[in-house]
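Me: Hi! I'm new to this one and would like a friendly walk through it. Can we take it step by step?

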Amino acid sequence: MPAPHWPAPAATAPVTATVLLPGSKSVTNRALILAALADGPGFVRQALRSRDADLMVSALRALGARLEPVQESTAGVDWRVTPGPIRGGAHVDVGLAGTVMRFVPPVAALADGPVSFDGDPHARKRPMGPILDGLRSLGARIDNDALPFTISGPLTGGEVTLDASGSSQFVSGLLLTAARFGKGITIRHVGPPVPSQPHIEMTVEMLRAVGVTVDDGERDVWRVEPGRIAARDMTVEPDLSNAAPFLAAALVTGGTVTIPAWPVRTTQAGDALRDLLTTMGATVTRSPATSHTGTGPLPATSTSEITATQATDLAARGAGGITAAGTTDLVVTGTGEVTGIDADLHEVGELTPTIAALAALATTPSRIRGVSHLRGHETDRLAALATEINRLGGDAEETEDGLIIRPRPLHGGTFHSYDDHRMATAGAVIGLAVPGVEVENIATTAKTLPEFVQMWTAMLEAR
Ligand SMILES: O=C(O)C1=C[C@@H](OP(=O)(O)O)[C@@H](O)[C@H](O)C1
Ligand SMILES: C=C(OP(=O)(O)O)C(=O)O
């Protein structure tokens, strides 16, 4: 029996909360792959615990790596990862995780036998063709052009030409494993612009951090030299894209939300929230890290409510981020009035559901552009956002590459999530200002933030 819909709490006062976020999905799943392919045992610390991360852990174990949790706390899990020979005969469940369906097949192509892949019903609809064709041109045999499929190696590596306009993950997936291909790889993108460049930069930076030689000097061409992947002790940054709904709450309620451990320098797409939310009417400041620096799925709390145990735990985490850059608190304050935005979100598409939710509550029109690739995400996000905003009485129009959202008073009703974590949290943002919004399948937030409901409730209760 499906779970009852979640009554999204309406805010009765401006929020004033400090929200500690767990680790980044994108960094966690890259770090786990690199550790599993490394030349010795290593650590991935403060890793996210969520459905997508758990699927990655299971996939790497099925392929022969040993992953042992050495410590688990509110900051996430510290994994000790011991690489092993890549084992064939395995089955990989990708769920609905783009990072698992695009990053693991190149690893599987190194195995000593066939590896089969499948996932959630909608995963079978997500684009896979360009990366599977790319793997074929490097020597792999694959029996389908989408999930489910079985892949058999071996791969020698070499040159690949592909169209990555549908997803940056086609490039990242090949790059992450490429040092282990006999000839390395040269990837050439041909087609409309590749979205989500920061995610490709994240891949390149993390590869360099484990000693892999990557040349990304020419636009749309990436070269990886064959060689060893060094075992390292890596620390995962907090998930800045998952900061989006919480920071949005500051704008909607005219309150203040503080996110500790915001990296001073990062490749995460969520860093763009600083500019986007400023444009939508927020004041965004950074202040020196306070005693609660760190990451972790702690409930939102006011600073004064951080317990001694939490403070010790947080202090022990030090600077977040795989590059160990410094961090600050990010402080976002809203006025209670949200201004519309005209923005090209091509590079930071995963922020679209939150920005669209804010746009639906704005007093001036918004246009979101450059995100046609969102039709291949967890659901067709452009169709889903327009449908659900309009279902609540809003005025949202799908365009070829985005959305136009005009001000119109909203009313309560069901907000469907389409098994999409970011649709579910978009419904929660709208519910802050619109009484009677019920989010269907809020549990789908477990894809990247299993504690979402607890954190959201605590944010609203904090003073
Ligand atoms: O590499 C990654 O970790 C991701 C890349 C992006 O994918 P697309 O380029 O398909 O949008 C992003 O939207 C996704 O949430 C995570
Ligand atoms: C597009 C997303 O996820 P995935 O990694 O499954 O592509 C997302 O998290 O917004």
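**A walk through the model**

Reply: Happy to! Helix 3 (98-108) and helix 5 (169-178) each supply at least two residues of the shell around ligand 1. Helices (H or I, at least four residues) and strands (E, at least two) are DSSP runs, numbered from the N terminus. This is a predicted model, where local features need pLDDT of at least 70, side-chain atom pairs count only at pLDDT 80 or more, and totals for chains, interfaces and linings use all residues. Residues are numbered from 1 along each chain as its sequence is written, while chains are lettered from A and ligands numbered from 1 in the order in which they are written.

Me: How many residues surround ligand 1, and which are the closest?

Reply: There are 13, and the closest are Ser26, Ser167, Ser168, Ser196 and His199. A residue is near a molecule if its C-beta atom, placed from the backbone, lies within 6 Å of it. By class, the shell around ligand 1 has one nonpolar, eleven polar and one charged residue. Here Ala, Val, Leu, Ile, Met, Phe, Trp, Tyr, Cys and Pro count as nonpolar, Asp, Glu, Lys and Arg as charged, and the others, Gly among them, as polar.

Me: Where is Ser196 found?

Reply: Look in the loop between strand 11 (185-189) and helix 6 (197-209). Ser196 counts as buried because it has 23 C-beta neighbours inside 10 Å. The rule is that a residue is buried if 20 or more other C-beta atoms lie within 10 Å of its own, exposed if 12 or fewer, and partly exposed in between, with C-beta atoms placed from the backbone. Ser196 and His346 are 150 residues apart in sequence, yet 6.3 Å apart in space, C-alpha to C-alpha.

Me: And what is Ser196 in contact with, leaving aside its neighbours within four places in sequence?

Reply: Ser168, Ala269, Glu347 and Gly349. Two residues are in contact if their C-beta atoms, placed from the backbone, lie within 7 Å.

Me: Now the bigger picture. How is the chain divided into domains?

Reply: Into domain 1 (6-23 + 238-461) and domain 2 (25-225). Those bounds come from an automatic or database domain assignment. The C-alpha centres of domain 1 and domain 2 lie 27 Å apart, and the contact takes 30 residues from domain 1 and 34 residues from domain 2. On the side of domain 1 that touches domain 2 you'll find nine nonpolar, 14 polar and seven charged residues. The shell around ligand 1 draws at least three residues from each of the two domains.

Me: Why does ligand 2 lie between the domains?

Reply: Domain 1 and domain 2 both give residues to the shell around ligand 2, so ligand 2 lies between them. That shell consists of Ala97, Gly98, Thr99, Glu350, His377, Glu378, Arg422 and Thr448. Sorted by class, one is nonpolar, four are polar and three are charged.

Me: Let's switch to the nonpolar cores. How many residues has the largest one?

Reply: It has 78, and those with the most contacts inside it are Ala31, Leu32 and Leu34. A nonpolar core is a set of buried Ala, Val, Leu, Ile, Met, Phe, Trp, Tyr and Cys residues joined through C-beta atoms within 7 Å. Helix 1 (residues 25-36) gives the largest share of this core, seven residues. A second, separate core of 77 residues includes Leu247, Ala269, Ala282 and Leu432.

Me: Which residues are buried in helix 13?

Reply: In helix 13 (residues 452-461), Phe452, Met455, Trp456, Met459 and Leu460 are buried. Seen down the axis of helix 13, they fall within an arc of 135° (taken from the directions from the helix axis to the C-beta atoms), so they line one face of the helix. The buried residues of helix 13 pack against strand 2 (16-18), helix 7 (244-253) and helix 12 (421-433).

Me: What about helix 10, how many of its residues are buried?

Reply: Nine of its nine residues are, so to speak, tucked in: helix 10 (residues 352-360) is mostly covered.

Me: Last topic, the backbone. Which residues does a cis peptide bond join?

Reply: One joins Leu147 and Pro148, with omega about -5°, and another joins Gly153 and Pro154, with omega about 0°. Most peptide bonds are trans. Gln46, in strand 3 (residues 42-47), has a positive phi of about 55° although it is not a glycine.
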